[in-house]
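Let's take a friendly walk through this structure together. Have the sequence and the 3D view ready.

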Amino acid sequence: MNNLESLLGGFATVISPENLLFALIGVTLGTLVGVLPGIGPAVTIALLLPVTYNFSDPVGAFIMFAGIYYGAMYGGSTTSILLNTPGESASVATALEGHQMARRGKARAALATAAIGSFVAGLISTLLLAFVAEPLGRLAVTFRATDYFALMVLALVAVTALVGSSLVRGLISLCFGILIGFIGLDNQSGQARFTFDNPALFDGIDVVLLIIGLFAIGETLYVMVKGRTRPGQVTPLEPKQPGTFMWLTRSEWRRSIPAWLRGSAFGFPFGVLPSGGAELPTFMSYTYEKNRSKGKNEFGSGAIEGVAGPEAANNASFSGVLVPLLTLGLPTSATAAVLLAAFQIFNLQPGPQFMTKSPDLVWAVIASLFIGNVLLLALNLPLIRLWVKVLQVPRPVLYASILVFASLGIYSVSGSIIDVMIAFGIGIIAFFMRQFDFPVAPAILGAILGPELELQFRRALTLSNGNLGTFIERPLTVVILLLALLALLLPYLPKITAKLRGRSPATAGKLSFGDED
Amino acid sequence: MHELDEDHASTSKTGPFIVAAVMLVAGVVLLFQTFRIPGEGFDPQGPRFFPLCIVLAWLVLSAIYLSTHILKIIRTGKGEAAEKFTRMVPAAILIVALIIYALVLDSVGYLIATALFFIAAARVLGSRNWARDITVGVLLSAVLYFAFTQALGVRLPEGILGI
């Protein structure tokens with residue numbers, strides 16, 4: 001029961017009027033930015049990072065981030081349901097059924113099952129996180145440099161293989177990120193690398209700058225070129241129905257609850273595994289719910305399970321993603337990468353030592369996830385009319401504000417005009433990446449994990465006196481590296497199995513999922 | 001990224017050629033830069049080994065991208081994925097506006113530069129309501145400036161206003 005005590009300790013740290021205010025601000029800002037089509041939780045946190053730069057206490061900042069995350073995620077579902085324009089690929093499944101529900105006059109039920117489902121999944125998965133994190137952290141202490149190297153290779157390769165529609169384009173994006181990560185002075189030898197003799201580049205390119213450039217600026221340019229700055233058609237909310245509890249009828253509750261639980265069961269484990277965040281579990285949950293309901297024929301015209309399951313999976317996967325992030329320092333989704341950057345701003349390095357060195361903060365972070373969840377439920381359903389209003393705000397105004405926030409974020413991170421220019425340049429590259437269907441998430445992970453990967457690689461070699469064989473001496477390392485190889489082949493498995501069975505491979509598609517969170 | 005509207009299926013065959021060419025040129029430049037990193041040889045523990053590996057991987061992947069594109073054109077008449085470039089003029093104007101904004105930020109000051117940039121960006125993005133854009137632009141920059149400098153303690157350029 002030690003974990004429960006620690007968790008209660010976390011709550012004691014978190015629950016103060018000041019921190020609750022931070023959570024409130026976080027949820028509100030997160031929802032505000034998150035309802036923008038194309039702007040998901042990762043970008044929202046990146047854009048709002050500067051707000052917390054001068055926080056003396058990281059606890060307050062992380063409570064705010066938890067609020068921002070949940071707010072942004074729920075804002076995304078609101079947009080998907082009422083506008084049918086999912087903000088990120090994890091909301092695509094929600095849009096499929098949710099928008100149909102809204103069109104049939106069941107918008108409130110769809111929004112409620114999304115919000116309550118997120119809440120339930122958040123509670124379950126955060127509890128799981130609380131119980132899984134510590135034993136895994138203890139295990140992680142025994143890991144050696146070679147194991148870390150292998151784990152990072154696995155995380156990078158698996159995410160790249162699962163995200164986007166082409167492995168080659170994904171790997172190119174990954175290499176782009178790693179190359180960006182090289183820029184600056186080498187940590188160990190102090191030599192300048194890829195700086196083109198420009199002292200402004202000696203410190204390297206800040207990850208926040210990269211994230212804002214890749215996501216916020218790139219996305220705004222893309223949205224503009226695609227002509228999506230015209231307002232969409234907001235499906236009107238129907239009047240409240242009598243005989244409902246929290247906007248759901250008795251039968252809707254009965255249908256939603258099992259779907260929430262199943263969604264959480266998909267979300268958490270796939271969040272823990274390096275599968276690139278939420279899109280895989282949300283689609284799996286959607287497909288599962290669809291197959292289960294065969295015969296009812298409601299799927300495609302607004303089945304409540306099709307909203308309840310994926311939304312729960314989406315939220316549960318976030319707590320799952322936090323497991324490798326907190327215990328190993330390993331981000332496996334764009335959102336986790338942004339959170340890692342946020343930790344680093346406060347000079348905190350998540351990883352095995354993190355759990356033992358600053359347990360108070362870890363438990364406070366976990367407790368703040370609960371708070372964020374509760375506030376989300378308390379704010380979003382009653383305030384839904386406000387969010388509908390936000391959806392009706394003209395898009396040019398919203399996207400112009402995003403650019404203002406983006407520039408402010410970059411400027412306050414560095415105070416240098418050159419950095420702002422670099423971020424704009426990265427934004428232009430990101431725009432072209434979107435035009436030619438290169439996934440963006442691998443670039444972020446590459447830039448964050450690339451330097452770590454090299455560090456562990458060289459550390460392992462130093463320990464073994466330069467013997468490259470050290471990577472195949474430990475069975476654990478070899479197993480993880482083999483898994484990475486398998487992950488590379490995974491997208492082609494349908495083709496390979498088709499070939500093995502002697503059929504034409506042309507009919508079997510490549511297994512793939514969307515980009516970004 | 002999955003909005004189900006216009007322009008989605010359209011492809012351009014020349015685009016990926018240019019992308020591949022740019023990537024190959026960048027790869028070669030970086031290869032030279034790798035050799036310029038001080039140090040001798042490519043000792044796996046040294047600062048040159050890892051960049052060399054990634055640059056070589058980059059070059060190989062770029063070549064694969066190029067050849068897949070050519071092969072796809074030969075086989076199906078369609079190359080690698082590429083979306084149509086539309087509304088490039090406003091996009092270019094927006095980028096220029098961003099650059100000017102960054103350049104004048106220090107001298108003009110955050111308040112004025114941001115308000116002007118907001119109005120310009122909103123217009124380029126398709127807004128047609130001067131009164132609204134000006135009101136929102138001035139209010140947004142004022143709120144951000146005072147919130148960040150007064151409440152959050154982040155320094156922003158004062159510029160010509162001197163407040």
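**Where the two chains meet**

Between chain A and chain B, 61 residues of chain B and 61 residues of chain A take part in the contact. On the side of chain B that touches chain A, the elements giving two or more residues are α1 (14-36), α2 (49-76), α3 (88-108), α4 (110-124) and α5 (130-151) of chain B. Of these, α3(B) gives the most, with 12 residues. What classes of residue does this side of chain B have? There are 41 nonpolar, 13 polar and 7 charged residues on the side of chain B that touches chain A. Please keep in mind that you are looking at a predicted model.

Next, turn to chain B by itself. Its domain assignment gives domain 1 (14-76) and domain 2 (88-161). Taken over C-alpha atoms, the centres of domain 1 and domain 2 of chain B are separated by 39 Å.

Now move over to chain A and find two of its helices, α2 (residues 17-34) and α15 (residues 359-380). They pack at an angle of about 60 degrees, and their axes are 9 Å apart. Angles from 65 to 115 degrees would count as roughly perpendicular and those under 35 as roughly parallel, so α2(A) and α15(A) are oblique to each other. The crossing of α2(A) and α15(A) is right-handed.

Which residues make this contact? From α2(A) come Ala23(A), Leu24(A), Gly26(A), Val27(A) and Thr31(A). From α15(A), the residues include Ser368(A), Ile371(A), Gly372(A) and Leu375(A). By class, the contact of α2(A) with α15(A) has 7 nonpolar, 5 polar and no charged residues.

Note on methods:
Residues numbered from 1 in each chain as written. Chains lettered and ligands numbered in written order. Predicted model: local features only at pLDDT ≥ 70, side-chain atom pairs only at ≥ 80, totals over all residues. Contact = placed C-beta atoms within 7 Å. Helix = DSSP H or I, 4+ residues; strand = E, 2+ residues; numbered from the N terminus. Nonpolar A, V, L, I, M, F, W, Y, C, P; charged D, E, K, R; others polar. Axes fitted to C-alpha atoms, helices over the stretch in contact; angles between N-to-C directions. Parallel < 35°, antiparallel > 145°, perpendicular 65-115°, else oblique. Left-handed = near helix turned anticlockwise from the far one by under 90°. Domains from an automatic or database assignment.
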